[in-house]
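This report describes selected helix contacts, aromatic pairs and individual residues. The sequence and the structure are shown first.

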Amino acid sequence: MLTRSRSIAGAILYTIRPSASLGACLLVLAAYQPNQDEWQRATLLVLCTFFGSAFCFIINDIYDREKDLLNQKHRPIATGIIPIATAYTFCTVSALGFAILACFFGLKVFLLSILFLAIVGLYSWLNVKSGLLANMIVAGIVAGTQWGVSIIKPDPFLTATAAFLFLFTIARELLLDWLDRKGDDQFGKRSIAISASALQFKFALIILVICASTMLLLLILKMELSLICSLFLLTTVITTIGSYLTFWRTPTHATALLGVRLSHLPFACLIVALLLR
């Protein structure tokens, strides 16, 4: 019984994607930039973000469990390691935690949190009907780490960082859809990777990456960071662009996977740049 409890606990930890959830929390914290008197409020904001992120990942795996098996993704909910009832319980707890913590930031933020939960709840239907719209929802959620903070602590600069996150996340989601196109096609999902021609898909992907990367480069230059820091950040952005160009020239599973993995670099760059500005 103890072994099974541990295995479920580990499976739930895997399901909430600790690295991605931590990344979302760091994005929010870097954008908020609390002073000495705001750390209690910042802690609540980070916890709120964590619960929101956990809700997104759990409900996504609940909705996509059949499709995950078709794409050879042996995730805990899809394989039954986490029973559906348990998954829904943790999903509900995460949603409640997110909404309750949002209350501490005022009525406007609370109402937006309810809207957020509703949109994520519609994701499964939209994911099958319109792959691009589903990609835009995911991108909007990621960009929301900046938009949400700008509501709590107004900062025009965060509008630009949100726009970058929105564009780059769509590009990353397109690449993930390309990796899943066989299983998605069997499942009936009409993603851009399936409905568009190979050339159209590659053009859409590279245009999004170039636009997003250019925006990030301009943001980094505008921050007036030290030369060494700026060069380091520029190098990581160029490396990411290079990985997508590699996929453009040779669209294989290996080059797509490389692009997905290296796409974490611009997010890390943005966190570092926000912390140092």
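## Basis of the model

The model is predicted: local features need pLDDT of at least 70 and side-chain atom pairs count only at pLDDT 80 or more, whereas totals for chains, interfaces and linings use all residues. Residues are numbered from 1 along each chain as its sequence is written, and side-chain values use heavy atoms, with hydrogens and water left out.

Helices (H or I, at least four residues) and strands (E, at least two) are DSSP runs, numbered from the N terminus.

## Helices α14 and α15

Helix α14 (residues 227–249) and helix α15 (residues 253–262) have axes that come within 8 Å and cross at roughly 160°. That angle makes α14 roughly antiparallel to α15. Axes are lines fitted to C-alpha atoms, for helices over the stretch in contact, and angles run from 0 to 180 degrees between N-to-C directions. Angles under 35 degrees count as roughly parallel, over 145 as roughly antiparallel, 65 to 115 as roughly perpendicular and the rest as oblique. The crossing of α14 and α15 is left-handed (the near helix is turned anticlockwise from the far one by less than a right angle; clockwise would be right-handed).

On the α14 side, the residues that meet α15 are Thr 239, Thr 240, Ser 243, Tyr 244, Thr 246 and Phe 247. Their partners in α15 are Thr 255, Ala 256, Leu 258, Gly 259 and Leu 262. By class, this contact of α14 with α15 has five nonpolar, six polar and no charged residues. Here Ala, Val, Leu, Ile, Met, Phe, Trp, Tyr, Cys and Pro count as nonpolar, Asp, Glu, Lys and Arg as charged, and the others, Gly among them, as polar.

## Helices α10 and α16

Helix α10 (residues 157–179) packs with helix α16 (residues 264–276) at an angle of about 170°, and their axes are 10 Å apart. That makes α10 roughly antiparallel to α16. The contact has nine nonpolar, three polar and one charged residues.

From α10, Phe 157, Leu 158, Thr 161, Phe 164, Leu 165, Phe 168, Thr 169 and Arg 172 take part. They meet His 264, Pro 266, Phe 267, Leu 270 and Leu 274 in α16.

## Aromatic pairs

A search of the whole structure finds eight aromatic pairs. Rings of Phe, Tyr and Trp (its six-membered ring) pair if their centres lie within 6.5 Å; planes under 30 degrees apart count as stacked, over 60 as edge-to-face and the rest as tilted. Phe 201 and Phe 247 form an edge-to-face pair, 6.4 Å centre to centre with 80° between the planes. Phe 201 lies in helix α13 (residues 198–222) and Phe 247 in helix α14, so the pair ties together parts that are 46 residues apart in sequence.

Phe 201 is buried at 3% relative accessible area, and Phe 247 is buried at 1%. Buried means under 20% relative accessible area, exposed over 50%, and partly exposed in between (1.4 Å probe, protein chains only). Ring pairs also link Phe 164, Phe 168, Tyr 244 and Phe 267 into a cluster.

## Buried polar and charged residues

Arg 172, in helix α10, is buried at 18% relative accessibility. Not counting residues up to four places away in sequence, Arg 172 touches Tyr 244, Val 260, Ser 263, His 264 and Phe 267 (contact means heavy atoms within 4.5 Å). Asp 180 is placed in the loop between α10 and α11 (181–187) and is buried at 8%. Leaving aside neighbours within four places in sequence, Asp 180 is in contact with Asn 71 and Lys 73. The C-alpha atoms of Asp 180 and Gln 72 are 9.0 Å apart, across 108 residues of sequence.

Ser 113, in helix α7 (residues 107–121), is buried at 3%. With neighbours within four places in sequence left aside, Ser 113 is in contact with Phe 98, Ala 99 and Ala 102. Ser 53 belongs to helix α3 (residues 39–63) and is buried at 10%. Ser 53 and Phe 98 are 45 residues apart along the chain, with 8.9 Å between their C-alpha atoms.

## Positive phi values

Most residues other than glycine have a negative phi. Arg 17 has a positive phi, near 50°. Arg 17 is in the loop between α1 (2–15) and α2 (18–32) and is buried at 16% relative accessible area.

Gln 33 also has a positive phi, near 45°. Gln 33 is in the loop between α2 and α3 and is partly exposed, with a relative accessible area of 30%.
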